[in-house]
Amino acid sequence: MNKPKVFLTRRILEPALTMVMESCQADVWPDEIPPSHEKLLERVRGVAGLLCLLTDRIDAEVMQAAGTGLKVISNCAVGVDNVDVPAASRRGIPVGNTPGVLTEATADFTFALMMAAARQVVAGERQVRSGGWKTWSLDYLLGADFAGATLGLVGFGRIGRAVARRASGFGMRIIFTDPSPAASEPGLNAVQVELDTLLREADFVSLHTPLTAETRGLMNADAFAKMKPTAVLVNTSRGPVVDQAALYEALASKRIFAAALDVTVPEPLPTDSPLLTLENCIIAPHIASASWQTRREMSRMAAENLLAGLKGEHLPNCVNPEVYDGHGVSRAAH
Ligand code: GLV
């Protein structure tokens, strides 16, 4: 029997890559830079499976170009805002993602950014390199305390809760917003509040929402105006949740103390971005889940979703289970 044709928009990590290569006729995009949309449209023609990354825009045009044989889209990320999921659902195509395995790594990195921004780690390191470090003095590079401070988590899903568990070890008070009512976590003293309350009371605001129509531009000039002048903003969710022009104003005018972003608009952030002129802004290149084990696990889950979809089986992690009929078989597999 012929092996199914698949396109991988980038190399995934081993052993997942070998797993895919052995079961499929796989076309793997060889470059570090993702395929352009045009190239993507060319390469997906006639494939049964598509394994993509968050850098690839998988819209209805891509699904159309692949043709009616497309049985599965496997996104190697937990966020699926790069995939037009409703368009996939209309075609009966299941879309897979990689939840869970990146929770702890992302929460670790959120904390790393929060501490780096609050305690001026990057600004201090820059001073050491440039000779700006003259002596020890009492008011040199002062920053915010964690013990007793209030952490405001915008979004209290898997990653938000993992950040809360870390914060609780630091003696922080935790408040959060979440669209699901009473989304509490046993053993954590976390209190659900309205967004306005969170912005006014939090010393640290950390974003853990998916990118949706409701969360796009959520952190805008109005939101920054409500925050404390000593507050620190951390974003490890998706760039468009923050209005970057408004953030620039808030940081440049010291409306808020500092920010640390792992995600930006666009990605990569151009080196002439005004945000990069600010001492109180740290930007990381979207690496919150970039630990060895996490990326291996993400690759494995993405491969498993792909292979299950090709066999017409229920994806182990599917974001649009509505494509399955009562028998767990997707319409695309018929
Ligand atoms: C990373 O940002 C992911 O969504 O997995």
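Let's start at the ligand: one of its oxygen atoms sits 2.9 Å from a backbone N or O atom of Gly79. Keep in mind that this is a predicted model.

How much of the ligand does the protein bury? Alone, the ligand exposes 190 Å², and the protein buries 90% of that.

Along with Val78, Gly79 and Arg238, the ligand is surrounded by Leu54, Ala77, Leu102, His286 and Met298. By class, that makes five nonpolar residues, two polar and one charged.

On to helix packing. H5 covers residues 103-118, and H7 covers 158-169. Their axes are 8 Å apart, at an angle of about 55 degrees. The crossing is right-handed.

Last topic: backbone geometry. Most peptide bonds are trans, and most residues other than glycine have a negative phi. Here are some exceptions.

The bond from Val265 to Pro266 is cis, with omega near -10 degrees. Glu267 and Pro268 are also joined by a cis bond, omega about -5 degrees. Where does Pro266 sit? In the loop between strands S11 (258-261) and S12 (281-283). Pro268 is in the loop between S11 and S12 as well.

Then positive phi. Gln120, in the loop between H5 and H6, has a phi of about 55 degrees. Leu141, in the loop between H6 and strand S6, has phi near 50 degrees.

Key
Residues are numbered from 1 along each chain as its sequence is written. This is a predicted model: local features need pLDDT of at least 70, side-chain atom pairs count only at pLDDT 80 or more; totals for chains, interfaces and linings use all residues. Side-chain values use heavy atoms; hydrogens and water are left out. A residue is near a molecule or strand if one of its heavy atoms lies within 4 Å of it. A polar contact is a pair of N or O atoms within 3.5 Å; within protein, one must be able to donate a hydrogen and the other to accept it, and residues adjacent in sequence count only if both atoms are side-chain atoms. Accessible areas come from the Shrake-Rupley method with a 1.4 Å probe; for residues, only the protein chains shown count as cover. Ala, Val, Leu, Ile, Met, Phe, Trp, Tyr, Cys and Pro count as nonpolar, Asp, Glu, Lys and Arg as charged, and the others, Gly among them, as polar. Axes are lines fitted to C-alpha atoms, for helices over the stretch in contact, and angles run from 0 to 180 degrees between N-to-C directions. Helices (H or I, at least four residues) and strands (E, at least two) are DSSP runs, numbered from the N terminus. A crossing is left-handed if the near helix is turned anticlockwise from the far one by less than a right angle, and right-handed if clockwise.
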